[in-house]
Amino acid sequence: VYGRTKLEGEKHIQEALPGRHVILRSGPIFGPRPFLRIGKTSFVQAVQDAVREGRALRCFIDEIRNPICVRDILSVVAALLPRLASPTAWGDGSRVLNMGGPDRVSRAEMYAAVLAALLPGQDCEGKLQRCRASEVDFGYARPLDCSMDCTELRRAVPEVMFFSLAQAVADILSSESSR
């Protein structure tokens with residue numbers, strides 16, 4: 001259902017704005033803890049909460065993603081807006097772009113990056129319960145590799161410097177500690 005509704009939304013945009021749209025398909029989005037309480041936060045906050053509560057995190061070693069920092073998304077959107085405002089600047093103005101971060105990593109590697117930044121120099125292996133998504137019955141088909149080829153996006157916005165997972169996590173945690 002999730003993937004189908006996303007595709008229906010894309011089709012609606014394409015029909016409503018022919019020749020004048022950019023659809024950005026994102027990987028997992030992460031960033032600072034939101035100021036307002038929301039139901040779901042990113043993996044960064046999930047790791048922070050688990051460390052604070054003293055519990056281990058269950059994480060998959062075989063689910064592959066391209067997580068992207070919200071700051072990179074803002075940079076992409078800021079770079080794309082002028083192109084959309086001027087139809088001659090970018091052909092017909094229509095694009096569907098994969099928007100993932102530069103790192104292709106497992107969920108376990110995502111969590112480990114946060115732990116490394118949160119607890120530098122500490123052995124964090126015991127804080128992760130590594131398992132395989134391929135051995136879990138979710139009740140529906142779930143692809144293991146959802147990493148994306150983001151070559152088109154990088155070509156479309158060469159001025160955007162994408163932060164690595166480690167850089168972005170370290171920056172998020174240091175900005176939160178200074179609040």
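Which side chain makes a polar contact with the side chain of E10? The side chain of R25 does, at 2.7 Å. A polar contact here is a pair of N or O atoms within 3.5 Å; within protein, one must be able to donate a hydrogen and the other to accept it, and residues adjacent in sequence count only if both atoms are side-chain atoms.

This is a predicted model, in which local features need pLDDT of at least 70 and side-chain atom pairs count only at pLDDT 80 or more, while totals for chains, interfaces and linings use all residues. Residues are numbered from 1 along each chain as its sequence is written, and side-chain values use heavy atoms, with hydrogens and water left out.

**Overall layout**

The chain has six helices and eight strands. Helices (H or I, at least four residues) and strands (E, at least two) are DSSP runs, numbered from the N terminus. Their order from the N terminus is α-β-β-α-β-β-β-α-β-β-α-β-α-α. Along the principal axes, the C-alpha atoms fill a box of roughly 55 × 40 × 30 Å. Of the 179 residues, 36% count as buried. Buried means under 20% relative accessible area, exposed over 50%, and partly exposed in between (1.4 Å probe, protein chains only). Contact means heavy atoms within 4.5 Å. Among contacts with a separation of 6 or more, 84% join residues 24 or more positions apart.

E10 is found in helix 1. E10 counts as buried because its relative accessibility is 9%. Neighbours within four places in sequence aside, E10 is in contact with I23, R25 and V96.

D49 is found in helix 2. D49 also counts as buried, at 15% relative accessibility. Residues up to four places away in sequence aside, D49 touches R33 and R55.

**Helix 2 and its cover**

Just after helix 2, G54 takes a positive phi of about 70°.

**A buried glycine**

G100 lies in the loop between strand 6 (95-99) and strand 7 (105-106). With a relative accessible area of 0%, G100 is buried. What does G100 touch, not counting residues up to four places away in sequence? The list is G27, N66, I68, M148, C150 and R154. The C-alpha atoms of G100 and I64 are separated by 12 Å, and these residues are 36 apart along the chain.

**Aromatic pairs**

The structure holds three aromatic pairs. Rings of Phe, Tyr and Trp (its six-membered ring) pair if their centres lie within 6.5 Å; planes under 30 degrees apart count as stacked, over 60 as edge-to-face and the rest as tilted. F60 and F138 form an edge-to-face pair. F60 lies in strand 3 (residues 57-60) and F138 in the loop between strand 8 (128-131) and helix 5 (151-156), so the pair ties together parts that are 78 residues apart in sequence. F138 and Y140 also pair, and their planes are at 40°, so this pair is tilted. Two of the pairs are set out here.

| Pair | Centre to centre | Angle between planes | Type |
|---|---|---|---|
| F60 and F138 | 5.9 Å | 80° | edge-to-face |
| F138 and Y140 | 6.0 Å | 40° | tilted |

F60, F138 and Y140 form one aromatic cluster. Are its members buried or exposed? F60 counts as buried at 11% relative accessibility. F138 counts as partly exposed at 27%. Y140 counts as exposed at 52%.

**The largest pocket**

The largest pocket has a volume of about 1200 Å³. On a 1 Å grid over the protein atoms alone, a pocket is an open set of points where a 1.4 Å probe fits, with protein on both sides within 12 Å along at least five of seven lines; lining residues have an atom within 4 Å of a point. Grid points are joined across faces, edges and corners, and a volume is the space filled by probe spheres set on the points.

The lining has 32 residues, and Y2, P28, K40, R65 and R107 lie nearest the centre. Helix 1 (2-16), strand 1 (22-26), strand 2 (29-30), helix 2 (43-53) and helix 4 (107-118) each supply at least two lining residues. Helix 1 gives the largest share, five residues. By class, the lining has 18 nonpolar, seven polar and seven charged residues. Ala, Val, Leu, Ile, Met, Phe, Trp, Tyr, Cys and Pro count as nonpolar, Asp, Glu, Lys and Arg as charged, and the others, Gly among them, as polar.
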